[in-house]
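The sequence and structure are shown first, and the description follows.

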Amino acid sequence: FKDAVMLLAEQAHMEIPQMVGGREDAATKSQKERIYEANKQCARFFHSQLWKHENAQVLSYLYQRGLDDATIRMFGLGSTPPRSDGATQAMRDIGFSDDELVRAGISVRRDGRVYDMFRQRAIFPIIDAQGRVLGFGGRALGDVKPKYLNTGDTPVFNKRLGVFAANLLKKQRGLKRVILVEGYMDVIALTQAGLPGVCATLGTALTVEQARLLKRYAPEIWVSYDGDAAGQKAILRALEIFEQENIRSRVLDFPGGMDPDEYIREYGLAGLESLTPMDAATYRMKQEMQGHDLSTQEGRTNYAMACAKHLSKVKEPVELENHVRELMLATGFSREVLLAQIGRSELIEK
């Protein structure tokens, strides 16, 4: 609630109201402020490590992914230190206690020892719209598992509630659309190429809370997940959430199963801008087509019935008419039969 009040006050350019609370509120506020400060100082530490000779492997990895120094600095990317407790010790040296570091998710306590949560990884700071460092994402190098690791839930961070690059979304005013991708590198690569309004979920499937957050920044969301089966399934789920929240959404689908990072490196910004995003019904029909053999009557029948369920969600008659025509060509069924199957018999001419 307090964070919401602060955000609304900032948007309205109003003075932040005084919160009325007891000792517990004051203690909680103080704890959060310490975690924010620890995260900020740790982000600076990780970034400084990136340029050291002993962490050349991480910097080389970022360069191999096509990033330049300006982009690395824009996103505050960093590297873990060689020692397993390097970040922990550095934060101790500037006054943070082990309990604070564990509470922030910077460190872990196990078997009587306190050491770094992130080791042998490239670091991606997670920054909110107010410019506060909430936590970190880490991409492993070598055989370290898991490949991607995020800060767990803390008093200031819940991965269900925010998106990666929210701080940049806020700065890019007047966006006509937000592009939602899967990975941190997708966001960074598209942003470096000059595409505004790009963000990613934080290692989880899209949540209702994230959908509502994105609605603040643009009237329409383009979903652009990876081209593999998992990514395509996640797109379908995201479309359901956006529809549930009455948020206009489209799908930016990359050919050949490529992910956004791969595509932008191969074809550049001009290639991406040449792609036409699909509305939800078109994308769902395209996905259904892959699972039916349209050379058979049974396949065409099942395809028509599956598509009819999707088209029942289309509200605008003109848009529905376009999809029905496509379905007529693909299946051979008449307009009247398809409209009846969709449940829109009122559109059939009497």
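How many bridges join strand β9 to strand β10, and do the two run parallel or antiparallel? Strand β9 (residues 220-223) and strand β10 (residues 248-251) run parallel and are joined by four bridges. One of the residue pairs is E220 with its bridge partner R248 in β10.

The model is predicted: local features require pLDDT of at least 70 and side-chain atom pairs pLDDT 80 or more, whereas totals for chains, interfaces and linings use all residues. Residues are numbered from 1 along each chain as its sequence is written, and side-chain values use heavy atoms, with hydrogens and water left out.

**Overall architecture**

The secondary structure comprises 15 helices and 11 strands, where helices (H or I, at least four residues) and strands (E, at least two) are DSSP runs numbered from the N terminus. Taken along the principal axes, the C-alpha atoms fill a box of roughly 80 × 50 × 40 Å. Of the 350 residues, 48% count as buried; buried means under 20% relative accessible area, exposed over 50%, and partly exposed in between (1.4 Å probe, protein chains only).

**Sheets**

Two strands are taken to pair if DSSP finds at least two bridges between them. Strands of a sheet pair through backbone hydrogen bonds, either parallel or antiparallel.

| Open sheet | Strand order | Pairing |
|---|---|---|
| Five strands | β8-β7-β9-β10-β11 | mixed |
| Four strands | β1-β4-β5-β6 | antiparallel |

In the five-strand sheet, the edge strands are β8 (198-200) and β11 (278-279), each pairing on one side only. In the four-strand sheet, β1 (78-79) and β6 (148-150) each have a single partner strand, so one side of each is left without a neighbour in the sheet. Strand β5 (residues 133-140) pairs with β6 over three bridges in the antiparallel sense, and G137 stands opposite N150 in β6.

**Nonpolar cores**

A nonpolar core is a set of buried Ala, Val, Leu, Ile, Met, Phe, Trp, Tyr and Cys residues joined through side-chain atoms within 4.5 Å. The largest one has 58 residues, and F136 and F164 have the most contacts inside it. Helix α2 (residues 23-50) contributes the largest share of this core, eight residues. Apart from it lies another core, of 27 residues, including V163, C199, I247 and V251. C199 is buried, at 0% relative accessibility, and C42 is likewise buried, with a relative accessible area of 0%. The structure holds zero disulfides (pairs of cysteine sulfur atoms within 2.5 Å).

**Cavity**

A cavity is a set of points, on a 1 Å grid over the protein atoms alone, where a 1.4 Å probe fits but cannot get out; lining residues have an atom within 4 Å of a point. The whole structure has one cavity of 30 Å³ or more, and the largest cavity holds about 50 Å³ of space. Its lining consists of M74, F75, P125, I127, F164, A165, N167 and L168. Of these residues, seven are nonpolar, one is polar and none is charged. Strand β4 (121-127) and helix α7 (166-171) each supply at least two residues of the lining.

One of the lining residues, M74, is found in helix α4 (residues 69-74). M74 is partly exposed, with a relative accessible area of 46%. Its C-alpha atom is separated by 34 Å from that of Y283, which lies 209 residues away along the chain.

How values were computed:
1 Å grid on protein atoms, 1.4 Å probe; cavity = no way out; pocket = protein on both sides within 12 Å on 5 of 7 lines; lining within 4 Å. Points joined across faces, edges and corners; volume = space filled by probe spheres on them. Nonpolar A, V, L, I, M, F, W, Y, C, P; charged D, E, K, R; others polar.
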